[in-house]
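Please look over the sequence and the model together before reading on. The report then takes up the overall form and the surroundings of two ligands.

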Amino acid sequence: MSRELELTEVAPLPGGESLTAEGLERLIGPFRRGAVPEPAEEMGFYTDTSVCIGCKACEVACKQWNQLPADGFTFSGNSYDNTGALSAESWRHVKFVEQFSVWEAGGGDGGAMPGRWLMMSDVCKHCVEAPCQHACPTGAIIHNEFNNVYIQPDICNGCAYCIAACPFGVITRSTLDNHAHKCTLCYDRQKDGLVPACAKACPTASIQFGPVEELRERARTRVEELRRRGVADAWLYGHEPTAGYSRLNAFYLLLDRASVYGLPEAPRNPWLSMRGDYLRAVLSVLPPLAVLITALLRGR
Ligand code: SF4
Ligand code: SF4
Ligand code: SF4
């Protein structure tokens, strides 16, 4: 029996028609404050865009598992992309980049090249140092025991600071409940030992889930293999920290520059630019404070 089916088997309430102690416990248990989970192995995503076929099974599986509403059935006219962007309702977004004119113009042997589509399933990057988490004033955004970035909607006050802080444009506020939402890396499924819904549904293993260290090793081997086969432009985005940004626990194998996929070439943690502002704010309070204290002392 698959793990999914096993988990659907719920034991019947004991004690016939009357509520026993176990039955009562099952009713009130969810309202008790839970124990803090033990730290677990760091888990994440490695998305190999070289094998993505743009089927969108990942988008659908995510919506289905997380019960996310539809986006409005609008035909965008932008290639096969009718989702448009990541949002509180779309936690996976398959991007389609058409490179026909570029390839035809540069076609080898004097003949026109057939062109190509670049496809990439975008998601929250689960940044190791997450600006969204730094910006959140209520503590609603946490790193959970798998070192994934998780929004607790019941603590979110809808201030939208996290939206401005994320350099990847991942978060928006839901029009249904006004709270911020994004990919949870299927925390609920991970807790039950299941693979996230999108990775489970991906038919080409473009989305791979597992311990981050293992994924990074696998991704490096894949880049070497692709380069050996003549795909000189294959490279990894976010698998290692840069001067302005931390490592991403959801990183990518890309076949072109990051900006071609709509990703920042050199993401920068806004916190690095804001530290000086905080310091200046604190320093600016000191002179009036000194004047006030002096005035009070003289008044005595
Ligand atoms: S990608 Fe954006 S939303 Fe996701 S963890 Fe990083 S900063 Fe937060
Ligand atoms: S990990 Fe889960 S929540 Fe995140 S994109 Fe995949 S299916 Fe959606
Ligand atoms: S399910 Fe896999 S192959 Fe299909 S669009 Fe998503 S990442 Fe690409």
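The sections below go from the whole chain to the ligand shells.

## Basis of the description

This is a predicted model, in which local features need pLDDT of at least 70 and side-chain atom pairs count only at pLDDT 80 or more, while totals for chains, interfaces and linings use all residues. Residues are numbered from 1 along each chain as its sequence is written, and chains are lettered from A and ligands numbered from 1 in the order in which they are written.

## Overall form

An automatic or database domain assignment divides the protein into domain 1 (39-268) and domain 2 (270-300), and the centres of these two domains, taken over C-alpha atoms, are 42 Å apart. The C-alpha trace spans about 90 × 70 × 40 Å along its principal axes.

Buried residues (20 or more other C-beta atoms, placed from the backbone, within 10 Å of their own) make up 29% of the 300 residues.

## Ligand 1

Around ligand 1 there are 13 residues, of which Cys-124, Cys-127, Cys-132, Val-149 and Cys-166 come nearest; a residue is near if its C-beta atom, placed from the backbone, lies within 6 Å. By class, this shell has 10 nonpolar, 1 polar and 2 charged residues, where Ala, Val, Leu, Ile, Met, Phe, Trp, Tyr, Cys and Pro count as nonpolar, Asp, Glu, Lys and Arg as charged, and the others, Gly among them, as polar.

## Ligand 3

For ligand 3 the shell holds 15 residues, with Cys-52, Cys-55, Cys-58, Ser-121 and Cys-202 nearest, and it divides into 10 nonpolar, 4 polar and 1 charged.

Terms used. A residue is buried if 20 or more other C-beta atoms lie within 10 Å of its own, exposed if 12 or fewer, and partly exposed in between; C-beta atoms are placed from the backbone.
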